[in-house]
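Please read them with the structure open.

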Amino acid sequence: MANLIVDPRDQKFVLYEMLGIEELCKSPLYADFSRDMFDMALAEAEKFATTAILPALAEGDREGCRLEAGSVRVPKSFHRCIQIYREGGWGAMNVPAADDGQGFPHVIGLAAKEWFSHNTAFINYVTLTEGAAHLIEVYGTEAQKKKYLPKMHAAEWGGTMALTEAGAGSDVGNLKTKAVRQPDGTFRLQGTKVFITAGDSDLMENIIHPVLARIEGDPPGTGGISIFLVPKYLVNDDGTLGKRNDYTIGSIEEKMGLHGSATCTINLGDNGECYAELLGEERQGMKIMFQMMNGARIGVGVQGLSSASIAYLHALQYAKERLQGASLMEMKNPAAPRVPIIRHPDVRRMLIWMKAHTEGFRALLYFAALCVDRCNAAEDEAEKERYGGFLEILTPICKAYCSDMAFRVTETAIQVYGGYGYCAEYPVEQFLRDEKIASLYEGTNGIQALDLVGRKLGLRKGLYFMTLLGEMGATVAKYQAALPDLAPDVQAAVNTLAETAMLFAASGKAGKFLIPVANAYPFLMLMGQVVTAWLLLWEAGVAKEKLGMPDGGGPDKAFYEGKIATARYFIKHVLPEADAAAKAIKSEDLSMMEIADEAFAS
Ligand SMILES: Cc1cc2nc3c(=O)[nH]c(=O)nc-3n(C[C@H](O)[C@H](O)[C@H](O)COP(=O)(O)OP(=O)(O)OC[C@H]3O[C@@H](n4cnc5c(N)ncnc54)[C@H](O)[C@@H]3O)c2cc1C
């Protein structure tokens, strides 16, 4: 393998052999594209990743960000990365051609991001810009679009998302930042935002912050929140930069990882002059910001995929090179030659566990991105709702399951390296440090689980969830004959998932609402495992078909056999954990609620 970032063979397998994304090119929206164009874009992404983004990873970690005279300085190597990013037009890859973008399908944009997102510290500067630009595309006035979008699409101006305050983390509705209405229709903000990623940098000449705040007199809670655009430099009518806006960067956080990413405290309006423009309608701030957050949650899933992928490929290479111990067959012979650790069953167990999870995340995230494209290209409302429904229900799984399990993949990589993995001289400990944040930002994974159980399962009276169950059942039926040892296990797990959701619904009706609330996280992980088993079964079914062809899979025979072995490992060794989780939930035990606060420790 030429690189240790992404397995390009698996990437192509998911895109073309499993998901058949060339079908998209039949839709008028993507008619100008072809597989060759997709492959070219991904080859460029690989080149960019291997020559600039990966080399900047360890350097960015060592150098970190500095706050000098109120301005953030990012690691030097990030300047080269952003230059290449701009020249390659990566920031406008998914922007429609009508808006001067390249108009690629989202699934190709996400596959490109998989190449980049192992360096989340860098990539956050540009993905937040793209998310903020997309908000303006959808909710901005024509004047706002004209003023901000061209520079943001070109990655010359940055963007952020500014929700969090010291007393308003998970509880966004508690925010205190105040917006004061001006006679000319603009606003002035006052308040302090904390933890704002890319809140300042010397990569961009201007930064446009979408900021949540409450207009004076509006009601408390999330329903009273509006969203504003707060530029670092005001923009004159002719597009040139005007005066510096009235906000300051109070500090940047010292963090466990992601050292190249500036996490800023922003003090808005110390002089009462922090200029802000309303985005969209008043008191619609949460609804509008949710659009950016949903995209960002998929992005956090991609961070997990990339972290898992780079960790797995490094561990695999190390396991092939590191000599330690003798073969199991020659344990008693002290003169036996030392073997690479990949020969040891326990190391192979760790590697196949990492491979199964990494490839499961890839299939899940690419499927989710394809749902966006299928929605955009849908010819009727039913198709739009079908794919939109998959996306709704799978977003918390993409965010929380992928980030939590990816963290464990990075941890397992350290285990494969042994003691060297714990040392900064080797790269894997950074992968773990950088990945941990993914379970926390964009809404903690506990909050994602509450969103799944409290809101998403019941959307359209459960229709989206039921449609997903049906889709999984259809895959099982399709591959029942080809994979008789695996398909029934997956169907049984799908049934368990359905029964557990029904138990939640019945508990809610019976007034036992603590059952779903206290078990939301185990349910999310259970669902993540069932969804992964479904996708890996689908992959194994495709691989089986390829092996059944006259050439027996040709030069890819080992690859296809590996797909089946990986699915089998997951279904036989990991999927049974879903049964255990369901059993625990069904017990209706609420000891976590019954234990008194003072009984947690004396
Ligand atoms: C490096 C970094 C970058 C960030 N980037 C940004 C950014 O760009 N923009 C931005 O706006 N914010 C950003 N954040 C903030 C981040 O989104 C918050 O940290 C996160 O939402 C959690 O809020 P909190 O830290 O206040 O934790 P808390 O809300 O205090 O949560 C603490 C714990 O309690 C749990 N909890 C809280 N409320 C509930 C509840 N109702 N039910 C069940 N469990 C609950 C949580 O799940 C968590 O386990 C960033 C944070 C970090 C560390």
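1. Aspartate 39 touches Lys12 and Tyr16, leaving out residues up to four places away in sequence. The model is a predicted one, and this contact should be read as such. Aspartate 39 belongs to helix 2, residues 35-53. Lysine 12 is 27 residues away from aspartate 39 along the chain, and their C-alpha atoms are separated by 8.6 Å.

2. Serine 77 sits in helix 4, which runs over residues 76-87. Its relative accessible area is 12%, under the 20% limit, so serine 77 counts as buried. Beyond its neighbours within four places in sequence, serine 77 is in contact with Ala56, Glu59 and Gly60.

3. Two residues other than glycine deserve a look at their backbone angles. Most residues other than glycine have a negative phi. Aspartate 100 has a positive phi, near 70 degrees. Aspartate 100 is placed in the loop between helix 4 and helix 5 (106-116). With a relative accessible area of 74%, aspartate 100 is exposed. Arginine 283 also has a positive phi, near 65 degrees. The loop that holds arginine 283 lies between strand 12 (274-278) and helix 8. Arginine 283 is partly exposed, at a relative accessible area of 36%.

4. Helix 6 covers residues 120-139, 20 residues in total, and reaches 27 Å from its first C-alpha to its last. That is close to the 28 Å expected at 1.5 Å a residue. Helix 6 is mostly covered, with 15 of its 20 residues buried.

5. Does the length of helix 14 agree or disagree with its number of residues? Helix 14 has 23 residues, 487-509, and at 1.5 Å a residue these should span 33 Å; the end C-alpha atoms are 33 Å apart, so the two agree. The buried residues of helix 14 include Ala487, Val490, Val494, Leu497, Leu503 and Phe504. Thr496, Thr500 and Ser507 of helix 14 are buried too. Among the elements that cover these buried residues are helix 12 (445-456), helix 13 (463-479) and helix 15 (514-518). The cover also includes helix 16 (520-547), helix 17 (557-574) and helix 18 (576-586). After helix 14 comes glycine 511, with a positive phi near 80 degrees.

6. Glycine 541 is placed in helix 16. Is glycine 541 buried or exposed? Its relative accessible area is 1%, so glycine 541 is buried. Glycine 541 touches Tyr479 and Leu483, not counting residues up to four places away in sequence. Leucine 483 is 58 residues from glycine 541 in sequence, with 7.0 Å between the two C-alpha atoms.

7. The largest nonpolar core has 203 residues, and those that touch the most other members are Ile21, Ile108, Phe116, Leu351, Phe361, Phe523 and Met527. Helix 8 gives the largest share of this core, 19 residues. Apart from neighbours within four places in sequence, methionine 527 is in contact with Ile393, Ile397, Leu452, Phe465, Leu468 and Leu497. Leu497 is one of the buried residues of helix 14.

8. The largest cavity holds about 60 Å³. Which residues line the largest cavity? They are Asp7, Asp10, Ser309, Tyr312, Leu313, Thr358, Glu359 and Arg362. By class, this lining has 4 charged, 2 polar and 2 nonpolar residues. Helix 8 (285-321) and helix 9 (345-377) each supply at least two residues of the lining.

9. The second largest pocket has a volume of about 490 Å³. It is lined by 18 residues, of which Tyr312, Leu316, Lys355, Gly562 and Thr566 are the closest to its centre. Helix 8, helix 9 and helix 17 each supply at least two residues of this lining. By class, the lining has 11 nonpolar, 2 polar and 5 charged residues. Tyr312 lines this pocket, and Tyr312 is also in the lining of the largest cavity.

How values were computed
Residues are numbered from 1 along each chain as its sequence is written. This is a predicted model: local features need pLDDT of at least 70, side-chain atom pairs count only at pLDDT 80 or more; totals for chains, interfaces and linings use all residues. Side-chain values use heavy atoms; hydrogens and water are left out. On a 1 Å grid over the protein atoms alone, a cavity is a set of points where a 1.4 Å probe fits but cannot get out, and a pocket is an open set with protein on both sides within 12 Å along at least five of seven lines; lining residues have an atom within 4 Å of a point. Grid points are joined across faces, edges and corners, and a volume is the space filled by probe spheres set on the points. Helices (H or I, at least four residues) and strands (E, at least two) are DSSP runs, numbered from the N terminus. Ala, Val, Leu, Ile, Met, Phe, Trp, Tyr, Cys and Pro count as nonpolar, Asp, Glu, Lys and Arg as charged, and the others, Gly among them, as polar. A nonpolar core is a set of buried Ala, Val, Leu, Ile, Met, Phe, Trp, Tyr and Cys residues joined through side-chain atoms within 4.5 Å. Buried means under 20% relative accessible area, exposed over 50%, partly exposed in between (1.4 Å probe, protein chains only). Contact means heavy atoms within 4.5 Å. The expected span of a helix is 1.5 Å times one less than its number of residues.
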